[in-house]
Amino acid sequence: MHDDADRQPPRPPGGIGRYLVTYRGIGWLLLIGLLAAGVVAYGRLAQQEDPEFPHRQARLVTYWPGATAAQVEDLVTRKLEDRVGENDRVEELKSESRQGVSIITIKQRYAAQERIDQQWDDLRARVAKAALPDGCQPPVLDTDFGNVTTLLLAIASDPSPPGETAARAAAIRTRIAEVRAGDPAVGRAVIVGLFPPQMGVDLRRDLAARFETALRGSGLGGDCRILHADGFSLGDFATTASRPELERMLARYVRSIAADNLLHPDLPLPLLLLADEDPLPGLRALAQPAHGYRRLEIAAEDVERRLRHVPQVGRVTRLAAVPEQITILAANEALAGRRIDPQSAEQAIARRNAIIPGGQVRVDGHRYPVRVEGQFAGEGDVGDTIVSATGNQAVYLRDLFEVRRGYRDPIGFHAQALRRDGGVLTARRAVLLAVEMRKGAVIAEFSTAVQDELRICQPGLPEGMSLQVISDQPRSVARRIATFASSFAEAVAIVVLVSLALMDWRSAVVVAAAIPLSVAFTLAGFAVLGVPLHQISIASLIIALGLLVDFPVVATDGINRAMAEGRPKAVAAWLGVWRLRRPMLYGTLINIVAFLPLVLMPDEKGTFIAALPLGVSLALGGALLVAMALTPLLGAGLLAGQRGLDEGGSPRRTPPFS
């Protein structure tokens, strides 16, 4: 025989939905907590444009001043390639040998970021053992050159003011009249070169001599008279050629000086004037920048220092700056006449341009360090270096060499920022600043902090300079988040309208309320798993919006069916959902499995797209949980009914899971 307990019917199941309907205080606490977790997660989630993945590329740069490209290839690049190739994690090598510099791009096999960082350390140790020639600088392995730039700024130069342009045109007219000395203007032309103040007269004379040679070689003119003035040089010559012929000759001349690295980046194109043509329209068309690259770089340094103090800012890098250098040109005759070799001059420069400790001075019980400084402040100090001395006669560097102040040879790339003035797109000379966001920062806070700092920097720039935003990742991220917000609002509105057409208004409210709960669960999951908001995770939310609507619709329909059977409303709230648990679970698993193959994509592609299946899985899982647990609670609350009824309608006194 069986006892009475064995003969009792099994307690009807109902899951967590029945429990929360019975104990609604706990259910409403969970609901409010889920919404609060979603709101807090949304405010604290890191925001960026693209997902992060391991950086497998680095650039190994080695400088060997004075060496030819062939010497760099044979004595530097190949030796370093042999050393780097000893590491079995290296997947790809690309090398480039230029005059004075070797650049090797290294790509590792895909691995976790920690493993990749270990291999970079191994490569640094290997290349440090390479036997490089004397005078070659130590190789530098740059592993951060591929970092994503959050904000790209340009410190750009505006064109010279109209008053300055008019004054320069008047000065050119005066000098043209002076050099022609009353000769008729017919049959003559003038070429005008505009020069920055720091450019030496020797270089200007060299360029003028090359122009005379080019003019004679073309057979288009003669009787060339050169005049150097403050800020410009001009050459007046006799010619019968047409403007197109002279412009083609000037283009060949510009290409020739560019090939010899004599085309100064601060130089505008030469201005051609025929007969008594007014120079003012031509100067206006040239739109000469008010500032050179060096002054732009100084201003960029000031902005860079201020941005480094912003807590949300990581690395700040100057781009497209044109470094200055002092070039020393030797005259072999002068060296031979004084019996001085170039090595002696080089050693004299090294001794002069040094900071030498001079000991200490003790004053009133305190010790003060003494330094003997000989650093160069300009090209004049370089020329004043004493190379040798015989008796009371000193031989200075300027007596043997020509000292020129200019830009690094060869000149690297330089930038121009595009700006729309009155509907016309114009180019502005510029130096760029690449600003990176600190890892884990919120991009909206980064944008606000940087913009506040830039508003302080803008008034401090010299007149004729402006700050421009070239690439704005925060704006792009804000646009994507706004797209998600609008999609979310549209999804809720469409669900409500369709539900109102097919159900009563209470059911429509239950269906609509389930959507923000599911999204809040997804955002909280992102926060727990460390997934930032970027274009892939936001795309996963937008895709999920079209899928998670099915769960509350099905759950609400199950509740209505149970009520149609005559069940009490509090019972129908959980019973209708419980009956559909298997179809909803299977549908969720099918949709999740459909997106899982995206995770199996190899290398960076899988890392880049991983947030899509993860976001969809979290959203669908959250929608299933909300449908099974909270939708019965919402249905029981909105559809009225007695509280705590069992399947037969009688009050329950014990928890359903006791």
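A helix here is a DSSP run of H or I with at least four residues, and helices are numbered from the N terminus. By that count α6 is followed by A181, whose phi is positive, near 50 degrees. Keep in mind that this is a predicted model.

**Helix α6**
- α6 covers residues 162–180, and its 19 residues should span 27 Å at 1.5 Å a residue; the end C-alpha atoms are 27 Å apart, so the two agree.
- T165, A169, I172, I176, V179 and R180 are the buried residues to look at in α6.
- Those residues cover an arc of only 95 degrees around the axis, which means they sit on the same side of α6.
- As background, an α-helix has 3.6 residues a turn, so residues three or four places apart point the same way.

**Helix α16**
- α16 runs over residues 473–502, 30 residues in total, and reaches 43 Å from first C-alpha to last, close to the 44 Å expected at 1.5 Å a residue.
- Its buried residues are Q473, P474, S476, V477, I481, F484, S487, A491, V495 and S499.
- Packed against the buried residues of α16 are the helices α3 (24–44), α15 (443–460), α17 and α18 (535–548), plus the strands β5 (151–157) and β19 (465–472).

**L215 in α7**
- L215 belongs to helix α7, residues 201–218.
- With a relative accessible area of 1%, L215 counts as buried, because the cut-off is under 20%.
- Leaving out residues up to four places away in sequence, L215 touches L220, G221, G222, C224, F237 and M249.
- One of those contacts, F237, is 22 residues from L215 along the chain, with 9.1 Å between their C-alpha atoms.

**The second largest pocket**
- This pocket holds about 1,300 Å³ of space.
- Its lining takes in 46 residues, and Q48, E52, F53, H55 and K439 lie nearest the centre.
- The elements giving two or more residues to this lining are α5 (113–128), β10 (313–319), β18 (424–437), α17 (505–529), α22 (603–609) and α23 (611–638).
- α5 supplies the largest share of the lining, four residues.
- By residue type, the lining splits into 19 nonpolar, 14 polar and 13 charged.

Conventions
Residues numbered from 1 in each chain as written. Predicted model: local features only at pLDDT ≥ 70, side-chain atom pairs only at ≥ 80, totals over all residues. Heavy atoms only, no water. 1 Å grid on protein atoms, 1.4 Å probe; cavity = no way out; pocket = protein on both sides within 12 Å on 5 of 7 lines; lining within 4 Å. Points joined across faces, edges and corners; volume = space filled by probe spheres on them. Nonpolar A, V, L, I, M, F, W, Y, C, P; charged D, E, K, R; others polar. Expected span 1.5 Å × (residues − 1). Buried < 20%, exposed > 50% of the residue type's maximum accessible area, 1.4 Å probe, protein only. Arc of directions from axis to C-beta. Contact = heavy atoms within 4.5 Å.
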